[in-house]
Every structure is written in structure tokens, then in C-alpha cells.
Amino acid sequence: MVVRAPRDSDPGRARRADMKIGIIGAGNIGGNLTRRFTAAGHDVSVANSRGPHTLTALAEETGATPVRAEEAARDAEVVVVTVPLKAVPDLPAGLLDGAAEDVAVIDTGNYYPRERDGRIAAIEDEGLTESRWTERQIGHPVVKAFNGTYARDLLERPRPAGDPGRMALPVAGDDQAAKAKVRRLIDEIGFDAVDAGGIDDSWRQQPGTPVYGMRGGVDAVVKALGEASPERPADFRG
């Protein structure tokens, strides 16, 4: 199923600031989402593990507000958690305190046990999807999106709705209203969104699956999701 925002969305035109977004993590994905969401007219607060003083350049470039991690979700309608999986348990307690009641939390995370995260038993032994594990750590439902997207593509590959070269991104989550918010954002920044099911289905877009890193359109993404295997590839097991 493909859901698009209204056709007047234009990835090259700034919109009014109609949502407050908090981004926790200012690496490649977090930094470029900050750039894209501010360009779309949203009010963005961004945090990292090193403190607001290290985000001055990004703030000056984009107009985003640098904050501490525990402040990023304040009044936010959307919160993006884009930190290494191993860092999720160390996020501040009460991370979402003060967020909007219907806040949508986007999880961009991936599990790399050999390269970075170490072995996480609940993922390996209990068979939890990576995003279900993240939900348990932060105590709030998440929408899995942007996890298989190359960071540079967020800046270089936006296209208007209907463009034959427009990329599609899979989006998984259990909360339909939250997914609708995320799909709207994806459309606003120049991509189509494919509904990939619930969080227990989000293994279809984890590392090592056909859709991971794909730069295709809607049909290609739907096909890749359907071809995914629930067995975790050996390279992505601890």
C-alpha cells in the first residue's frame, strides 16, 4: 500500500512550520534529516551525545535549535531516534516526557553486532525485530523508517510526487496515525512511502534484506519486501 500526502507537496519549496520535530542523534542520517525537515518548514530541535555546543554549525546552516537530548522531545509531534543501537539503553530516562500526547517516534536504527553494537540477546535469541527491541528500551511505540536509506540520498535524490525517478522508502509501525505522520514527512521531503506492515514485520527492511539500501520506486520496494526472508543473514548475527 502506498500513501502520499497532498499533491501540492514540493520537496524544493519551504512550507510553513507546521510541526515541531525533535531529532536525537546528529550523525549522517540525523544531520541530513535536520536539513530536509527544516527546509520543509518544520521547527526542528536537534541533540547529540556531546552537547548543544557541538551543533553550532548545523544550527547556523539549517535554523534548527541545538538542545540537550533530554530536551529534544519537548512539545514535539515527531521525535527521531537516530543513534547506534548499542546507545539506545543509555538515552536519558523520561526521554519523551513533555512530548505531544500523540507523538510519533521514528526509529532509524540498525543492528550491527559484529561491527558496532555487540550481541543483543533479545534480538538474537528471542527473535525480536530491532525496532521492537528499541520500543522496549524507550517505552514507546516506534515507526521504523529511513533505516535503509543512504544519508546522501536524503539530500541528492528527492523528486516531486509523480516523478518516474522518485525513490520509495518502506515504513513499518503498529500505530496507524503515527505512520500517517511519518508518511507525510517522507512525501514532503521528496520520496514515496510504502507501508511495510507492523513492527513485527519490520524484519523485512532490516540489514541484509533485499530492500535495505535500495534506490528503487514503489514497485521495486514492494517486490523487495515480499522477497525478504525472516532468517537473519549470518553477517548480521553476533
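Q: What makes Val143, Val171, Ala172, Gly173, Asp195 and Gly197 contacts of Lys179?
A: In this predicted model, each of these residues has heavy atoms within 4.5 Å of Lys179, which is the cut-off for a contact. Neighbours of Lys179 within four places in sequence are left aside here.

Q: Why is Lys179 called buried?
A: Lys179 has 1% relative accessibility, and buried means under 20%, so Lys179 counts as buried. Lys179 sits in helix H7, residues 176–188.

Q: What makes the link between the side chains of Lys179 and Asp195 a polar contact?
A: The two side chains are joined at 2.7 Å; the limit for such a pair of N or O atoms is 3.5 Å, so the pair qualifies.

Q: Why are strands S3 and S8 called edge strands?
A: The open sheet has eight strands in the order S3-S2-S1-S4-S5-S6-S7-S8, with mixed pairing. Strand S3 (65–66) and strand S8 (192–195) each pair on one side only.

Q: How do you know that strands S1 and S2 pair?
A: Pairing needs at least two bridges, and five bridges join S1 (residues 20–24) to S2 (residues 43–47), so they pair. The two strands run parallel, and one of the bridges links Gly22 to Ser45 in S2.

Q: What makes Phe146 stand out in the largest nonpolar core?
A: That core has 30 residues, and Phe146 is among those with the most contacts inside it, along with Ile21, Leu33, Phe37 and Ile186. H7 supplies the largest share of this core, four residues. Beyond residues up to four places away in sequence, Phe146 touches several others, including Leu33, Phe37 and Ile186.

Key
Residues are numbered from 1 along each chain as its sequence is written. This is a predicted model: local features need pLDDT of at least 70, side-chain atom pairs count only at pLDDT 80 or more; totals for chains, interfaces and linings use all residues. Side-chain values use heavy atoms; hydrogens and water are left out. Buried means under 20% relative accessible area, exposed over 50%, partly exposed in between (1.4 Å probe, protein chains only). A polar contact is a pair of N or O atoms within 3.5 Å; within protein, one must be able to donate a hydrogen and the other to accept it, and residues adjacent in sequence count only if both atoms are side-chain atoms. A nonpolar core is a set of buried Ala, Val, Leu, Ile, Met, Phe, Trp, Tyr and Cys residues joined through side-chain atoms within 4.5 Å.
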